[in-house]
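The following exercises are to be worked with the sequence and the coordinates at hand. Each task is followed by a solution in steps.

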Amino acid sequence: MNISVASGKGGTGKTTIALALATLLSQRGIHAAILDCDVEEPNVNLFLKADIHSVDTVYTPVPSVDEARCNGCGKCEQMCRFSAIVIVGGKPLVLPDMCHSCGGCYRVCPEKAIQEIPKEIGGIEEGLKGNLHYAGGRLRIGEPMAAPLIKEVKQYACDADVRVIDCPPGTSCSAIESVRGSDYVILIAEPTPFGLNDLQIIVGMLRQIEVGFGVVINKSDIGDDRVYRYCREEAVAVLASIPYSPESASEYASGFYHEAFIERFSAEFYSIITSVFSGKLKGVCRNE
Ligand code: SF4
Ligand code: SF4
């Protein structure tokens with residue numbers, strides 16, 4: 001079962017809530033994993049502090065042209081809808097950072113002049129904290145496309161009963177790739193005008209890709225009631241409301257956030273777990 005934790009914008013508390021849920025599930029004897037798919041700014045393990053036992057380098061294939069074979073016909077350029085291969089001076093020029101590794105140019109080349117070569121896009125570390133399995137991606141600096149690396153992160157810990165996926169914020173390709181295939185998405189939102197705007201955008205995205213979701217309102221005692229009204233009018237489930245806590249902010253700054261945070265808001269986290277998992281995982285909910 002894959003549960004994604006996502007938000008319309010950064011800084012909503014998404015990672016710490018994802019981590020708290022994964023930790024609680026693990027503490028209740030569930031074989032759980034947390035996957036850090038926020039590969040441009042991975043920070044799950046800053047707080048989890050799992051022992052890392054392996055780091056894998058991830059590559060994606062990009063084309064390389066054998067100029068001796070190439071006849072300059074331009075079919076590769078015509079095929080590439082990402083403008084990652086262009087004809088300059090009668091010969092193809094490959095722009096690897098624009099390439100989406102679709103393989104189209106290899107297939108259309110009449111001279112078999114194009115080969116795949118690997119391009120490093122980042123790494124994935126894997127570890128354990130207690131019984132909680134952790135895997136997190138880190139995009140190579142300067143690498144523009146996160147989605148292929150996110151796809152790879154989602155191949156880890158497949159034997160876990162529940163995988164909690166910490167998604168990148170927003171509604172970009174990488175956010176969509178992260179939630180794709182999820183059984184449920186927990187959206188973290190703040191009750192502010194900006195928070196409402198970003199929530200509306202990500203709700204629209206999830207409705208398009210037809211994934212079930214509910215909302216956790218974080219720092220629920222700031223702002224106004226417009227997020228609550230929106231959820232009511234749109235029949236969006238509010239799974240829990242977590243008030244602002246100055247203690248949590250200070251623990252976050254010192255890097256010792258998640259265990260104290262879980263303790264402080266355990267009632268709220270059990271409410272989320274009860275709503276999301278009720279009837280699906282026996283023994284997880286507090287009252288079962
Ligand atoms: S593999 Fe696809 S995206 Fe990359 S250059 Fe070839 S056609 Fe373009
Ligand atoms: S399709 Fe092949 S032969 Fe034609 S320009 Fe591209 S690399 Fe050269």
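A residue is taken as near a molecule if its C-beta atom, placed from the backbone, lies within 6 Å of that molecule. The model is a predicted one.

**Exercise 1.** Identify the residues that come nearest to ligand 2, and classify the shell around this ligand.

*Solution.* Step 1: applying the cut-off gives 14 residues around ligand 2. Step 2: the nearest of these are Cys 70, Cys 73, Lys 75, Cys 76 and Cys 109. Step 3: sorted by class, the shell of ligand 2 consists of nine nonpolar, three polar and two charged residues.

**Exercise 2.** Carry out the corresponding analysis for ligand 1.

*Solution.* Step 1: ligand 1 is surrounded by 13 residues. Step 2: Cys 80, Cys 99, Cys 102, Gly 104 and Cys 105 are the closest. Step 3: the shell of ligand 1 holds nine nonpolar and four polar residues, and no charged ones.

**Exercise 3.** Describe how helices α1 and α11 pack.

*Solution.* Step 1: two packed helices are described by the angle between their axes and the distance between the axes. Step 2: for α1 (residues 14–27) and α11 (residues 266–277), the angle is about 75 degrees and the axes are 10 Å apart. Step 3: angles of 65 to 115 degrees count as roughly perpendicular, and α1 and α11 are therefore roughly perpendicular to each other. Step 4: α1 contributes Ala 20, Leu 21 and Leu 24 to the contact, while α11 contributes Phe 269, Ile 272 and Ile 273. Step 5: by class, the contact of α1 with α11 has six nonpolar residues, no polar and no charged.

**Exercise 4.** Is Pro 168 buried or exposed, and which residues does Pro 168 touch?

*Solution.* Step 1: Pro 168 is located in the loop between β8 (162–166) and α6 (173–179). Step 2: a residue is buried if 20 or more other C-beta atoms lie within 10 Å of its own; Pro 168 has 27 C-beta neighbours inside 10 Å and so counts as buried. Step 3: leaving aside residues up to four places away in sequence, Pro 168 touches Cys 37, Asp 38, Glu 40, Ala 146, Ser 174, Ala 175 and Ser 178. Step 4: Gly 10 is 158 residues from Pro 168 in sequence, yet their C-alpha atoms are 8.1 Å apart.

Definitions and conventions: Residues are numbered from 1 along each chain as its sequence is written. Chains are lettered from A and ligands numbered from 1 in the order in which they are written. This is a predicted model: local features need pLDDT of at least 70, side-chain atom pairs count only at pLDDT 80 or more; totals for chains, interfaces and linings use all residues. Ala, Val, Leu, Ile, Met, Phe, Trp, Tyr, Cys and Pro count as nonpolar, Asp, Glu, Lys and Arg as charged, and the others, Gly among them, as polar. Axes are lines fitted to C-alpha atoms, for helices over the stretch in contact, and angles run from 0 to 180 degrees between N-to-C directions. Helices (H or I, at least four residues) and strands (E, at least two) are DSSP runs, numbered from the N terminus. Angles under 35 degrees count as roughly parallel, over 145 as roughly antiparallel, 65 to 115 as roughly perpendicular and the rest as oblique. Two residues are in contact if their C-beta atoms, placed from the backbone, lie within 7 Å. A residue is buried if 20 or more other C-beta atoms lie within 10 Å of its own, exposed if 12 or fewer, and partly exposed in between; C-beta atoms are placed from the backbone.
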